[in-house]
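Open the structure in your viewer and keep the selection tool at hand. The tour goes from the whole chain to single residues.

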Amino acid sequence: MHAQALEPQKGPVSGLPLPRYVSLKSDRVNVREGPSKEHPTLWIYERAALPVEITAEFETWRKIRDSEGTEGWVLHSLLSGRRTALVAPWKKEPQLLVAEDHQTPVAKLGPGVIGNLRGCDGKWCRIAGKGFDGYMHQENLWGVYPGEKFE
């Protein structure tokens, strides 16, 4: 029974881990109160590549949560498995982006900048976007779990 508690939960539809991070595929995504088109639209995201966290699944719908904790339902076809991250939206000051040596500064990125995650080693993530490519402390990114590793 204890071993089961350590197993990540799997989505009943996709079989993928829950929760998990994905990104918005389109620059116009309706977020609904419930998992159907009959439910009212709560708001509309207008920022493609925004990272969101899938917390539940129902048929073709996914319940998502954004960096501010706001939740709602979207069609799975409007989501992408491409991993992106927001630079420290909870901080006021820019965060340092460094070279592969993890010391040489290459840029400062302001809160809310979106970048493509190229990989994370549990402490550092490589993040790239228009005009930047480097490494940032994983704790300064929203869209990746603490200690998460992937390439």
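The radius of gyration is taken over C-alpha atoms, and the rule for a globule is 2.2 Å times the number of residues to the power 0.38. For 151 residues a compact globule would have a value near 15 Å, and the chain has 16 Å, which agrees. This is a predicted model, in which local features need pLDDT of at least 70 and side-chain atom pairs count only at pLDDT 80 or more, while totals for chains, interfaces and linings use all residues. Residues are numbered from 1 along each chain as its sequence is written, and side-chain values use heavy atoms, with hydrogens and water left out.

**Whole chain**

The chain has one helix and 17 strands; helices (H or I, at least four residues) and strands (E, at least two) are DSSP runs, numbered from the N terminus. Along the principal axes, the C-alpha atoms fill a box of roughly 50 × 40 × 25 Å. Of the 151 residues, 42% are buried. Here buried means under 20% relative accessible area, exposed means over 50%, and partly exposed is in between (1.4 Å probe, protein chains only).

**Strand β10**

Select residues 84-87, which form strand β10. In a regular strand the side chains alternate between the two faces of the sheet.

Two strands count as paired if DSSP finds at least two bridges between them. The bridge partner of Thr84 in β13 is Asn116. Trp142 in β16 is the bridge partner of Leu86.

**Two cores**

A nonpolar core is a set of buried Ala, Val, Leu, Ile, Met, Phe, Trp, Tyr and Cys residues joined through side-chain atoms within 4.5 Å. Select Leu24, Tyr45, Ile64 and Leu79, which touch the most other members of the largest core, a set of 17 residues. Strands β3 (20-24), β4 (29-32) and β6 (51-58) each supply at least two residues of this core, and β3 gives the largest share, three residues.

Stay with Tyr45 and leave aside its neighbours within four places in sequence. Its contacts (heavy atoms within 4.5 Å) include Leu24, Val29, Val31, Leu50 and Ile64. Asp27, Arg28 and Asp66 are also among the contacts of Tyr45. A second, separate core has 14 residues, including Val87, Leu117, Cys125 and Val144.

**The disulfide**

A disulfide is a covalent bond between the sulfur atoms of two cysteines; the search takes cysteine sulfur atoms within 2.5 Å. One disulfide is found in the whole structure. The sulfur atoms of Cys120 and Cys125 are 2.0 Å apart. The torsion about their S-S bond is about 110°, so the disulfide is right-handed. Cys120 has 7% relative accessibility and therefore counts as buried, and Cys125 is buried with a relative accessible area of 0%.

**Thr104**

Last, select Thr104, in the loop between β11 (95-98) and β12 (105-109). Is Thr104 buried or partly exposed? At 39% relative accessibility, Thr104 counts as partly exposed. Not counting residues up to four places away in sequence, Thr104 touches Leu97, Val98 and Ala99. Thr104 and Gly134 are 30 residues apart in sequence and 9.8 Å apart in space, C-alpha to C-alpha.
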